Amino acid sequence: MAVLILGQTQFVVRSLNHEYSQAVSEHRKGSALTDTYSEIDISNHKAITLYSQWTQIAKVVENRSTVILGENIFDHTDVGASAYWCRIAKEKAAILYIGVRGQNGVGEVWGFDGRDCVDPSVAYRAEVGIPKITGGWLPNRTEAQSTFSGQQWLACFEGFSMYRWLRAYMTGAKSVVIVSNDRLTQPIPTAVLRRKVGAQFAKLFNLTVAHADTGHNIITVDATNLVEK
C-alpha cells in the first residue's frame with residue numbers, strides 16, 4: 001500500500017511539473033514578452049534554509065540589472081531580511097522589486113534601489129486577496145499602483161480577478177507583472193491555472209503579462225524599454 005501511495009504521489013508531482021512547464025511554454029509563445037521582461041527559471045535551485053535559497057537567487061542577479069522576485073519573500077517585520085536584500089542591491093548596483101507580506105497579510109512589492117535603500121519604497125500594495133493570507137475580499141484602494149510607465153502590478157489572487165485586470169486595463173497599462181508564491185498551495189496546480197487564466201485575460205485586454213513566482217522563476221526587466229515613474 002505504501003509503495004502504491006508513493007508511486008501515485010510521484011506521478012502527480014511529475015504531472016504537475018509537466019503541466020507547469022507546458023503552461024510556461026504556452027505563455028511565452030502567446031504573450032510576447034519581447035525584450036522588456038525575461039523570465040529566468042530557478043526551479044532547479046535546491047536549498048534547505050531560507051537564507052541559502054536567497055543566496056542562490058542573489059547569484060542570478062546581474063550587476064546593474066532590474067529584477068523582480070516573487071511574492072511573500074519575507075514578512076514586513078523582518079528587519080534582517082530587508083537589510084540582506086538592501087545589501088545585495090548595493091553590491092550588485094541593482095534595483096530589486098520584492099514581494100513582501102505586509103501588515104494584516106496584504107501582499108506588497110518593495111523596491112530596493114542599490115543607490116539608496118535604507119528605507120525601501122512600497123511600489124505596490126494589493127487591492128484584493130484571500131483573507132488572513134494575502135489581504136481581503138473587499139477592495140483595498142491604494143495610490144501605489146505602478147512602477148514603470150504603462151505597467152501595472154497584480155499580486156497572487158489578483159491574477160484571477162476580473163476586477164483587477166479591468167482596473168489595470170482602464171489605467172491605460174500595456175503590461176502586467178504578477179508576483180506570486182504558489183508553494184503555499186502545493187500540490188494544487190495554482191501556478192498552472194494562474195498562467196492559463198492570465199494568458200486569457202491578457203489576450204482579452206491586449207496586455208503583455210509576466211510572472212514572478214517564488215521558487216519557480218524571477219523576472220529581469222530591460223528598463224531601457226520602460227520609463228520609470
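Predicted model: local features only at pLDDT ≥ 70, side-chain atom pairs only at ≥ 80, totals over all residues.

Student: How are the rings of Tyr84 and Trp85 arranged?
Tutor: A pair of aromatic rings is described by the distance of the centres and the angle of the planes. For Tyr84 and Trp85 the centres are 5.1 Å apart and the planes stand at 85°. Planes over 60 degrees apart count as edge-to-face, so this pair is edge-to-face.

Student: Is Trp85 buried or exposed?
Tutor: Trp85 has a relative accessibility of 0%. With that value, Trp85 counts as buried.

Student: Which residues do ring pairs link into a cluster?
Tutor: The search of the whole structure finds 11 aromatic pairs. Ring pairs link one cluster that includes Tyr84 and Trp85. Its members are Tyr51, Trp54, Phe74, Tyr84, Trp85, Trp110 and Phe112.

Student: Which residues does Ser82 touch, leaving out those up to four places away in sequence?
Tutor: Ser82 is placed in helix H3. Its relative accessibility is 14%, so Ser82 counts as buried. Beyond its sequence neighbours, Ser82 touches Phe74, Trp110, Phe112 and Pro120.

Student: Why do the buried residues of H2 lie on the same side of the helix?
Tutor: Helix H2 runs over residues 50-60, and its buried residues are Gln53, Trp54, Ile57 and Ala58. They cover only a limited arc around the axis, which puts them on the same side of H2. An α-helix has 3.6 residues a turn, so residues three or four places apart point the same way. The arc for H2 is 140°.

Student: What do the buried residues of H2 pack against?
Tutor: The partners comprise both strands and a helix. They are strand E3 (74-75), helix H3 (79-92) and strand E10 (217-221).

Student: Which residues line the largest cavity, and what is its volume?
Tutor: Rolling a probe the size of a water molecule over the atoms shows where empty space is left. The count comes to 1 cavity of 30 Å³ or more. The lining is made of Ile42, Ile57, Leu69, Gly70, Ile73, Thr214, Gly215, Asn217 and Ile218. The volume of the largest cavity is about 30 Å³.

Student: Where is Ala93 found, and what is its phi?
Tutor: Ala93 is in the loop between H3 and strand E4 (95-101). At 37% relative accessibility, Ala93 counts as partly exposed. Ala93 is not a glycine, yet its phi is positive, near 50°.

Student: What is the phi of Asn206?
Tutor: Asn206 sits in the loop between helix H5 (190-205) and strand E9 (208-213). Its relative accessible area is 68%, so Asn206 is exposed. Although Asn206 is not a glycine, its phi is positive, at about 55°.

Student: How far apart are the C-alpha atoms of Val192 and Asp182?
Tutor: Val192 belongs to helix H5. With a relative accessible area of 5%, Val192 is buried. Val192 and Asp182 are 10 residues apart along the chain, and their C-alpha atoms are separated by 9.6 Å.

Student: How far apart in space are Ala168 and Gln152, C-alpha to C-alpha?
Tutor: Ala168 is in helix H4 (residues 162-170), and at 0% relative accessibility it counts as buried. Not counting residues up to four places away in sequence, Ala168 touches Gln152, Ala173 and Val176. Ala168 and Gln152 are 16 residues apart in sequence, and their C-alpha distance is 6.0 Å.

Student: What share of the contacts between residues at least 6 apart in sequence joins residues at least 24 apart?
Tutor: The protein chain has 5 helices and 10 strands. Buried residues make up 47% of its 229 residues. For the contacts in question, the share joining residues at least 24 apart is 65%.

Notes. Residues numbered from 1 in each chain as written. Heavy atoms only, no water. Buried < 20%, exposed > 50% of the residue type's maximum accessible area, 1.4 Å probe, protein only. Helix = DSSP H or I, 4+ residues; strand = E, 2+ residues; numbered from the N terminus. Arc of directions from axis to C-beta. Contact = heavy atoms within 4.5 Å. Phe/Tyr/Trp six-rings, centres within 6.5 Å; stacked < 30°, edge-to-face > 60°. 1 Å grid on protein atoms, 1.4 Å probe; cavity = no way out; pocket = protein on both sides within 12 Å on 5 of 7 lines; lining within 4 Å. Points joined across faces, edges and corners; volume = space filled by probe spheres on them.
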